[in-house]
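Dear colleague,

Please find the structure below. My notes on what was found in it follow directly after.

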Amino acid sequence: MKKQKIPWPFGNKKEKLNAWFSFVIALVTGAVVVATCVYSFSFYYSTNNFQASGEIKDCPYGHTFYDDPNLSYSIGDLIENWDEKRAEWLKHHPGYIDGAANRVLLLTGSQPSQCGSPVGDFFLLRLFKNKVDYCRIHGYDIFYNNAYFHPKLDKLWAKPAAIRASMLAHPEAEWIWWVDVDAVITNMEFKIPLEKYKNHNIILNGRPDEVFEKRSWVGINAGVVLFRNCQWTMDFLNAWVSMGPISPDFQRWGRIFVSTFSDKTDPRSTDQSALGYMLLKQYDKWGSKIYLENDYCFQCYWDMAVDWLKKATNSYANIEMNVSELKRRHAELDTQSYGDLREIYLEQGGYGKKTGRRPFITHFTGCSPCSGKHNPIYDGDSCWEGIEKALNFADNQVLRNFGFLRPDLSNASSPVYPI
């Protein structure tokens with residue numbers, strides 16, 4: 001049978017050649033376009049995936065402690081060789097090794113239920129915003145927890161379980177920084193001097209003379225505490241919580257604390273009284289790794305610190321009058337650099353934590369902004385007025401980076417004005 005001849009559809013020989021070249025050019029052009037699109041998508045994805053936080057995040061496919069079926073996040077359960085396990089995890093995530101010693105996770109939170117006070121939830125929102133602002137400025141991560149991680153550890157004892165779980169959830173963080181919900185960061189420029197604490201594993205506000213000489217359980221405050229993410233802290237947490245509600249000797253521990261401290265009359269065992277007991281009675285085991293910070297307001301009690309805010313406003317304004325660089329507008333990203341510059345002039349002027357420096361943290365202990373049932377030793381609305389003033393004082397430092405200021409510190413709904 002004679003093969004059927006299919007006519008070439010593009011005319012004569014010259015037209016055939018031109019058509020062929022046109023076809024090849026179209027094919028190559030299409031391939032280039034497809035390749036470009038694929039590359040562009042790949043580059044966009046990798047850029048957003050790896051550079052959004054300024055770090056290279058590695059694929060978590062290597063075998064780590066997370067693959068151990070016996071791993072427990074629960075407080076009280078034993079975990080061993082945590083330092084080695086963290087180091088192994090970092091080997092699989094080398095993008096986190098650089099700067100690891102200064103990586104901080106701020107941990108805060110509140111109870112699972114809504115607040116009893118009509119304005120309680122509003123205050124909690126603003127208190128959370130205050131901590132988010134600080135973390136954004138300084139590059140810290142933050143976790144707000146409103147769950148109890150142990151059925152017996154709530155309210156006064158919720159902290160240790162949340163810290164333990166956070167250490168395991170964030171092996172990249174060297175420090176877990178617990179900040180009570182009622183604490184306001186009132187110096188947005190200040191950054192914790194972590195290098196100062198290189199030989200310690202727990203940092204909290206305290207006065208050694210109050211603890212060791214006067215045997216006062218309020219010689220420390222456990223509302224703002226830095227915990228190093230290490231095996232020592234894991235062991236400390238288990239020892240600490242053994243004096244809490246999970247212990248069959250919980251009531252007995254309360255009586256022991258009353259007999260130990262000169263100023264404790266409430267027979268309840270609290271996390272702060274237990275921590276103070278460990279300092280006082282178990283110093284050889286724990287004390288050398290605990291740093292009591294009193295050089296600056298790691299946390300200062302609000303009934304004093306609120307009065308220092310006006311002095312700080314005046315002293316900072318006086319410095320800016322003589323240092324033109326500090327008047328400059330700048331990106332929020334540069335806040336810490338300007339804080340470092342301001343620190344030079346604060347030191348030269350001899351300003352201390354009570355004489356013109358912004359308090360780093362103003363802690364509204366006893367105010368209970370969520371329940372609204374503040375300690376009766378405080379007069380009238382002094383708690384709410386103090387919280388409002390401190391939050392607006394801190395917020396003005398943030399708003400300034402956005403070109404605005406709120407002159408009236410007593411009212412969050414008052415207008416802001418361009419600067």
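**Aromatic contacts**

Ring pairs join Y134, Y140, W177, F190, Y296, F298 and F360 into a cluster. Rings of Phe, Tyr and Trp (its six-membered ring) pair if their centres lie within 6.5 Å; planes under 30 degrees apart count as stacked, over 60 as edge-to-face and the rest as tilted. The structure holds 28 aromatic pairs. In one of them, the ring centres of Y140 and W177 are 6.2 Å apart and the planes stand at 90 degrees, so this pair is edge-to-face. Y140 lies in the loop between helix 3 (120-138) and strand 2 (141-145), whereas W177 belongs to strand 3 (residues 175-179), 37 residues apart. Helices (H or I, at least four residues) and strands (E, at least two) are DSSP runs, numbered from the N terminus. Y140 and W177 are both buried; buried means under 20% relative accessible area, exposed over 50%, partly exposed in between (1.4 Å probe, protein chains only).

**A loop residue**

Most residues other than glycine have a negative phi. R215, however, has a positive phi, near 55 degrees. This residue is in the loop between helix 5 (208-213) and strand 6 (220-228). R215 counts as partly exposed because its relative accessibility is 31%.

**How to read these notes**

This is a predicted model, in which local features need pLDDT of at least 70 and side-chain atom pairs count only at pLDDT 80 or more, while totals for chains, interfaces and linings use all residues. Residues are numbered from 1 along each chain as its sequence is written, and side-chain values use heavy atoms, with hydrogens and water left out.

Yours sincerely
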